[in-house]
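Here is a friendly briefing to read alongside the model. Have the viewer open as you go through the points.

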Amino acid sequence: MTSPDTSPTPPPSNRTPVHPLDADLSGIRGWLFDLDGVLTPTAVVHMHAWSRLFTPFLEAHGARPYTDDDYFAYIDGKPRYDGVRSLLESRGIRVPEGEVTDAATLDTVHGLGNRKNDAFNATLAEEGVDAYPASVAFLDAVTRTGAKVAVVSSSKNAPSVLEAAGLADRFEVVVDGAVAAREGLPGKPEPHTFERAAELIGLPTEACAVVEDAESGVKAGAAGEFGIVIGVDRGVGREALEELGADVIVDELDELIPAVERAAAASGADSPSPSITREDPS
Ligand SMILES: [Mg+2]
């Protein structure tokens with residue numbers, strides 16, 4: 001943002017947003033999906049889990065009660081332990097740092113963070129999470145064309161979220177926070193976790209689409225040599241997503257189904273994929 005004038009028009013951009021119906025998906029044979037916010041509305045589960053952690057904790061410390069505003073002010077978007085530190089600071093409460101291996105019963109930064117993770121899993125088990133219907137419709141459409149699909153998530157809870165949403169058997173490849181830690185891959189906004197997922201589904205990055213709703217994720221997509229970066233606007237905003245490097249921006253993924261089907265039909269004649277063969281066996 002360098003435009004200092006007071007003009008009501010948005011700052012000039014050298015990128016022209018592509019309408020979802022006009023998206024060129026020829027050559028895209030793999031789809032790399034972010035999870036939280038793209039396939040599942042997981043933010044609600046996180047909010048409930050933080051409330052489960054801090055409501056009794058703040059009460060026990062005689063501090064101002066926990067509200068959802070605290071989530072947005074001190075926690076949202078931060079790594080878990082940073083969220084704990086930030087919320088405690090807002091109430092003037094000091095606890096020892098502790099260590100990552102701390103039991104969830106300990107009142108340390110790490111113990112509280114681990115307790116939040118337990119609360120997340122308990123909330124997920126009790127409340128479940130419904131995948132976005134339009135995202136499931138899109139997933140159905142791309143798998144019908146024979147495309148490969150993977151999940152690329154910073155969360156270490158990705159497998160349990162996929163399970164709760166009934167999507168676990170839809171993805172053979174899941175590169176989540178646990179995989180990244182194990183393999184020493186830098187997280188988003190670096191492109192490495194997406195690149196690893198492309199490798200695991202056996203495709204060059206140029207043949208893969210990145211689908212993201214977060215700033216860091218769109219940046220990661222733009223930083224790699226991917227075929228296309230799809231931004232799903234769940235609140236970041238179209239202009240921001242575009243500026244960060246999204247090639248196409250949608251409110252819901254099913255807006256892209258016509259483009260997927262058009263690309264599949266165009267490549268159908270010489271495609272090796274059996275699932276889009278239109279030949280009658282008789
Ligand atoms: Mg996300």
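**Overall picture**

In the protein chain, 59% of the contacts with a separation of 6 or more are between residues 24 or more positions apart (a contact means C-beta atoms, placed from the backbone, within 7 Å). The model is predicted, so local features need pLDDT of at least 70, side-chain atom pairs count only at pLDDT 80 or more, and totals for chains, interfaces and linings use all residues. Residues are numbered from 1 along each chain as its sequence is written.

- The protein chain has 11 helices and 6 strands (DSSP runs numbered from the N terminus: H or I of at least four residues for helices, E of at least two for strands).
- Of its 282 residues, 40% are buried (20 or more other C-beta atoms within 10 Å of the residue's own, with C-beta atoms placed from the backbone).

**Strand β1 and its partners**

- Strand β1 covers residues 30–33, with Gly30 and Leu32 pointing one way, Trp31 and Phe33 the other, and all of them buried.
- β1 pairs in the parallel sense with β2 (residues 148–152) over 4 bridges (pairing takes at least two DSSP bridges), and Trp31 has Val149 as its bridge partner in β2.
- β1 also runs parallel to β4 (residues 208–212), joined by 4 bridges; here Leu32 is partnered by Val210.

**Helix α9**

- The buried residues of α9 (residues 215–223) are Gly217, Val218, Ala220 and Gly221.
- They lie on the same side of α9 because they cover an arc of only 155° around the axis (taken from the directions from the helix axis to the C-beta atoms).
- Their cover includes α8 (192–200), β4, β5 (228–232) and α10 (238–244).

Notes:
A residue is buried if 20 or more other C-beta atoms lie within 10 Å of its own, exposed if 12 or fewer, and partly exposed in between; C-beta atoms are placed from the backbone. Two residues are in contact if their C-beta atoms, placed from the backbone, lie within 7 Å.
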